[in-house]
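This briefing goes through one protein chain, grouped by topic. The sequence and the model are shown first, and the notes follow.

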Amino acid sequence: MSTLNESHIQRIFDKLDEDEDGLVSLDELKGLLDKIGACTGLDELQSLVGKTSLNFIDFLFFYEAMVKKNNEEKKSKEDKNNNIIDNNLEDDLVEAFKVFDLNGDGFISCEELQKVLSRLGLWDENEGSDCKNMIHMYDTNLDGVLDFEEFKSMMLVSNSEGIPNL
């Protein structure tokens, strides 16, 4: 729902105020809400508004409350979608970790890293790359292997820097 300026809201109010008494009845308001797909019952609308009719100031407050509620729902939906994306990313990282953890012990050793990179054609012994140095860069507890959290950090840092993932 895009926000309207006060003159637009005044025009809408004036159109709804069919009997030109300076008030919009709940029936008139319900008609508008039905047209924009926000269907609600009269009882629910009255409990929401707290009145049987709205003057322009009340209508303005009602509109602002609707916009605020809509924005909160959008944010909630975006947050939910981000959580879904985060969960999917986590699942993908778990699967990638399993590819590198050849013996299934929950850690990626230098030997495992080198074997997988060789299979993928990403390891060139002539370049003199050292798996120990690669692991050491992300081995936060300095145990010489990568656990899942260290692997995840490596993949997320690599991804955010535009470095191709392993």
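The largest nonpolar core has 17 residues, and those that touch the most other members are F100, I108, L113, L146, F151 and M154. At least two residues of this core come from each of α4, α5 (110-119), α6 (131-138) and α7. The model is predicted.

**Nonpolar cores and burial**

- In soluble globular proteins, nonpolar side chains tend to be buried together.
- F100 is one of the residues with the most contacts to other members of the largest core, and its relative accessibility of 3% is under the 20% limit, so F100 counts as buried.
- F151, also among those residues, has 0% relative accessibility and therefore counts as buried as well.
- Over the whole chain of 166 residues, 28% are buried.

**Overall fold**

- The chain contains 7 helices and 2 strands.
- In sequence order the elements run α-β-α-α-β-α-α-α-α.
- Taking the contacts between residues at least 6 apart in sequence, 46% connect residues that are at least 24 apart.

**Aromatic pairs**

- A pair of aromatic rings is described by the distance of the centres and the angle of the planes.
- How many aromatic pairs does a search of the whole structure find? The search finds 5.
- One of the pairs is F97 with F151: the ring centres are 5.4 Å apart and the planes stand at 70°, so this pair is edge-to-face.
- F97 belongs to helix α4 (residues 56-100) and F151 to helix α7 (residues 148-160), so the pair ties together parts 54 residues apart in sequence.
- F97 has a relative accessible area of 7% and is buried.
- F151 also pairs with F100, at 5.8 Å from centre to centre and with 50° between the planes, which is a tilted arrangement.
- Ring pairs join F97, F100, F148 and F151 into a cluster.

**Packing of α2 against α3**

- Helix α2 (residues 26-35) packs on helix α3 (residues 42-49) at an angle of about 105°, and the two axes are 10 Å apart.
- Are α2 and α3 roughly parallel or roughly perpendicular to each other? Angles from 65 to 115 degrees count as roughly perpendicular, and α2 and α3 are therefore roughly perpendicular.
- On the α2 side the contact is made by L26, D27, L29, K30 and L33, and on the α3 side by L42, L45, Q46 and V49.
- By class, the residues of this contact are 6 nonpolar, 1 polar and 2 charged.

**C110 and its contacts**

- C110 is located in helix α5, and its relative accessibility of 12% means that C110 counts as buried.
- Leaving aside residues up to four places away in sequence, C110 touches C131, K132 and I135.
- C110 and C131 are 21 residues apart along the chain, and their C-alpha atoms are separated by 5.3 Å.

**H136**

- H136 is in helix α6.
- Is H136 buried or exposed? Its relative accessibility is 52%, and exposed means over 50%, so H136 counts as exposed.
- H136 is 10 residues away in sequence from L146, and the distance between their C-alpha atoms is 8.6 Å.

- Most residues other than glycine have a negative phi, and most peptide bonds are trans.
- E20 is not a glycine, yet its phi is positive, at about 55°.
- The position of E20 is in the loop between α1 (6-16) and β1 (24-25), and with a relative accessible area of 69% E20 is exposed.
- L142 also has a positive phi, near 55°, and is a residue other than glycine.
- The loop between α6 and α7 holds L142, which is exposed with a relative accessible area of 61%.

Conventions:
Residues numbered from 1 in each chain as written. Predicted model: local features only at pLDDT ≥ 70, side-chain atom pairs only at ≥ 80, totals over all residues. Heavy atoms only, no water. Axes fitted to C-alpha atoms, helices over the stretch in contact; angles between N-to-C directions. Helix = DSSP H or I, 4+ residues; strand = E, 2+ residues; numbered from the N terminus. Parallel < 35°, antiparallel > 145°, perpendicular 65-115°, else oblique. Contact = heavy atoms within 4.5 Å. Nonpolar A, V, L, I, M, F, W, Y, C, P; charged D, E, K, R; others polar. Phe/Tyr/Trp six-rings, centres within 6.5 Å; stacked < 30°, edge-to-face > 60°. Buried < 20%, exposed > 50% of the residue type's maximum accessible area, 1.4 Å probe, protein only. Core = buried A, V, L, I, M, F, W, Y, C linked by side-chain atoms within 4.5 Å.
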